[in-house]
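This briefing reviews selected features of one structure, grouped by topic. Please consult the sequence and the model shown here alongside the text.

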Amino acid sequence: RRVLVVEDEMMIAMMLADMLEDLGHQVVGPVARLDKALDLAQRETIDVAVLDVNVHGQEIYPVADALIKRGIPFMLATGYGAKGVREQYRSWPILQKPFQQENLRAAIAGLKTGA
């Protein structure tokens, strides 16, 4: 699967990309800016996405909405758990930071895709 990664903390982004590659996925990004993430979410060929909820002080929800519009599933990553996610997005998988590769694998496996 092609996985869009949006994460503004470089070390976490690198770790996440490594985890995804170890799981056999192709990483799109990682992207650390909301405008770039929105552009990719609207036009790039991707199967799923991992979205940091807060990217340099901006909420990720415009990107989530673009993915929803395209029918692309995603998960939200946050250090605040479900409380850190707007209620209307809590039905999507939430990865509690810090997370392990097994948490990531299970979350991706649980996403329904058209592929």
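The side chains of R43 and D39 form a salt bridge, with N and O 2.9 Å apart; a salt bridge is a side-chain nitrogen of Lys or Arg within 4 Å of a carboxyl oxygen of Asp or Glu. The model is predicted: local features need pLDDT of at least 70 and side-chain atom pairs count only at pLDDT 80 or more, while totals for chains, interfaces and linings use all residues. Residues are numbered from 1 along each chain as its sequence is written, and side-chain values use heavy atoms, with hydrogens and water left out.

**Salt bridges**

- R43 and D39 both belong to helix α2 (residues 34–43), where they are 4 residues apart, about one turn of the helix. Helices (H or I, at least four residues) and strands (E, at least two) are DSSP runs, numbered from the N terminus.
- An α-helix has 3.6 residues a turn, so residues three or four places apart point the same way.
- R43 is partly exposed because its relative accessible area is 48%, and D39 is partly exposed with a value of 31%. Here buried means under 20% relative accessible area, exposed over 50%, and partly exposed in between (1.4 Å probe, protein chains only).
- A network of salt bridges links R2, D39, R43 and E44.
- The whole structure contains 8 salt bridges.
- One of the pairs is E7 with K97, whose side chains meet at 2.8 Å, N to O. This pair links distant parts of the chain, 90 residues apart: E7 is in the loop between β1 and α1, and K97 is in the loop between β7 (94–96) and α4.
- E7 counts as buried because its relative accessibility is 3%; K97 also counts as buried, at 15% relative accessibility.
- D35 forms a salt bridge with R33, and the closest N and O atoms are 3.0 Å apart. D35 counts as partly exposed, since its relative accessibility is 49%.

- The 13 residues of α1 should span 18 Å at 1.5 Å a residue, which agrees with the 18 Å between its end C-alpha atoms. The expected span is 1.5 Å times one less than the number of residues.
- The buried residues of α1 are A13, L16, A17, M19 and L20. They lie on the same side of α1 because they cover an arc of only 160° around the axis, the arc being that of the directions from the helix axis to the C-beta atoms.
- Cover for the buried residues of α1 includes β1 (2–6), β2 (26–31), β3 (48–52) and α4 (101–110).
- On the face of α1 turned away from the buried side are the exposed residues M10, M11 and D22.
- M10, M11 and M14 make a nonpolar surface patch of about 370 Å². Patches are made of residues with over 30% relative accessible area and no salt bridge, like charges being joined within 9 Å and nonpolar side chains (Val, Leu, Ile, Met, Phe, Trp, Tyr) within 5 Å. Accessible areas come from the Shrake-Rupley method with a 1.4 Å probe; for residues, only the protein chains shown count as cover.
- M14 is placed in helix α1 (residues 10–22) and counts as partly exposed, at 44% relative accessibility.

- H25 lies in the loop between α1 and β2 and counts as buried, at 15% relative accessibility.
- Leaving aside neighbours within four places in sequence, H25 is in contact (heavy atoms within 4.5 Å) with R1, V3, L20 and I108.
- H25 and D35 are 10 residues apart in sequence and 24 Å apart in space, C-alpha to C-alpha.
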